[in-house]
Amino acid sequence: MKMQKQNKRVAVLVGCNYPNTSNELHGCINDVLAMKETLVKRFGFDPNNIELLTDAPDSCSSLPTGANIKQALTNMVDGAEAGDVLFFHYSGHGTRIPSKKRAHPFRHEEAIVPCDFNLITDLDLRELVNKLPKGASLTIFSDSCHSGGLIDKEKEQIGPSSMVHQNTTLRGSDITPKTIPYDSILHHLSSLSKVNTTDMGSHLVELFGSEASLRFRLPLVDLDLLEQVMRPDEGILLSGCQADETSADMNEGGGRAYGAFSNAVQRVLEENPGRVSNAELVIMARKMLQSGGFEQHPCLYCSDDNARAAFLCQEQ
């Protein structure tokens, strides 16, 4: 009798604290360590199928450089088969890049900032989702600034909020926005590349060559062609905020530090041990952040079916 093949549950978890730099955060590694425990205890992930990349000084894992993160994600997707559940959790800085497309709603593209500043953009994550085998799913959980829309052209389910909360009070001393401004990244890269230009792509290609983001390596015509072949897919994005917002890194001292969105999701999952859909998870995390005085609005981008589907396919 032939044994039924078990579907795999595979994760890549990336925490960037940027230690001993002007961009230092405190809670990002804690976020992914907490998520690893949740994946194993609640969602049935084998620890051997979870790859952890952090920039902790004493870490034995690979550094979360742009190349290492993309390689880990590529290996995960290339090894996937129908029915597999894939998960990518990123906690760290995000940034926005001026868009060359006039019709872009925010006139910017979204990106995450690995520890070496080799940006990973919304287009790189779109390419990854397009490579998924039919029947496999990829959930991207990004606790970073400007993370709404981080899978290029993914359908918005829970998106930008028009509400302005006048009565919220934030504790300013222990909050750091998880963003590095475009100009700061450009200055850092130009100091390394020694290229005299204000074009970020030129610096990234000079420094990282073929490891630079597709968004900077492909001509605009090819980018347009790539976007035209997009179709309904199994990509799911849970973002810590809207594309035009920042996400908070909390540092309460005594080792108690965390990303506000990551922490809210952990609390929602603890309070709801049964089935929670992707949409329910984002809505409850939004409410929890609002009640805590955070002016960030988590978003959900995916197909209609995946909005209703259970987070990480946990049906019970």
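Is C302 buried or exposed? C302 is buried, at a relative accessible area of 0%. Buried means under 20% relative accessible area, exposed means over 50%, and partly exposed lies in between (1.4 Å probe, protein chains only).

A word on the model comes next. This is a predicted model, in which local features need pLDDT of at least 70 and side-chain atom pairs count only at pLDDT 80 or more, while totals for chains, interfaces and linings use all residues. Residues are numbered from 1 along each chain as its sequence is written, and side-chain values use heavy atoms, with hydrogens and water left out.

Start with the whole chain. It has ten helices and 13 strands. These are DSSP runs (helices H or I, at least four residues; strands E, at least two), numbered from the N terminus. Of the 316 residues, 53% are buried. The accessible surface is about 14700 Å², and carbon and sulfur atoms hold 50% of that. Areas come from the Shrake-Rupley method with a 1.4 Å probe; for residues, only the protein chains shown count as cover. Contact means heavy atoms within 4.5 Å. Among contacts with a separation of 6 or more, 75% join residues 24 or more positions apart.

Now return to C302. It sits in the loop between β13 (299–301) and α10 (304–308). Setting aside residues up to four places away in sequence, C302 touches E154, K155, Q157, G235, I236 and A307. T139 is 163 residues from C302 in sequence, yet their C-alpha atoms are 9.3 Å apart.

Beyond its neighbours within four places in sequence, F88 contacts V12, V14, I69, L73, I112, L125, L138, T139, I140 and F141. F88 and L119 touch the most other members of the largest nonpolar core, which has 45 residues. Helix α2 (residues 66–78) gives the most to this core, with five residues. Another core lies apart from it, with 36 residues, including A11, L13, Y258 and L300. A nonpolar core is a set of buried Ala, Val, Leu, Ile, Met, Phe, Trp, Tyr and Cys residues joined through side-chain atoms within 4.5 Å.

Last, look at a sheet. Three strands form an open sheet in the order β4-β5-β6, with antiparallel pairing. β4 (94–98) and β6 (120–121) are the edges; each has a single partner strand, so one side of each lacks a neighbour in the sheet. Strands pair if DSSP finds at least two bridges between them. β4 and β5 (residues 108–112) pair over five bridges. P98 has H108 in β5 as its bridge partner.
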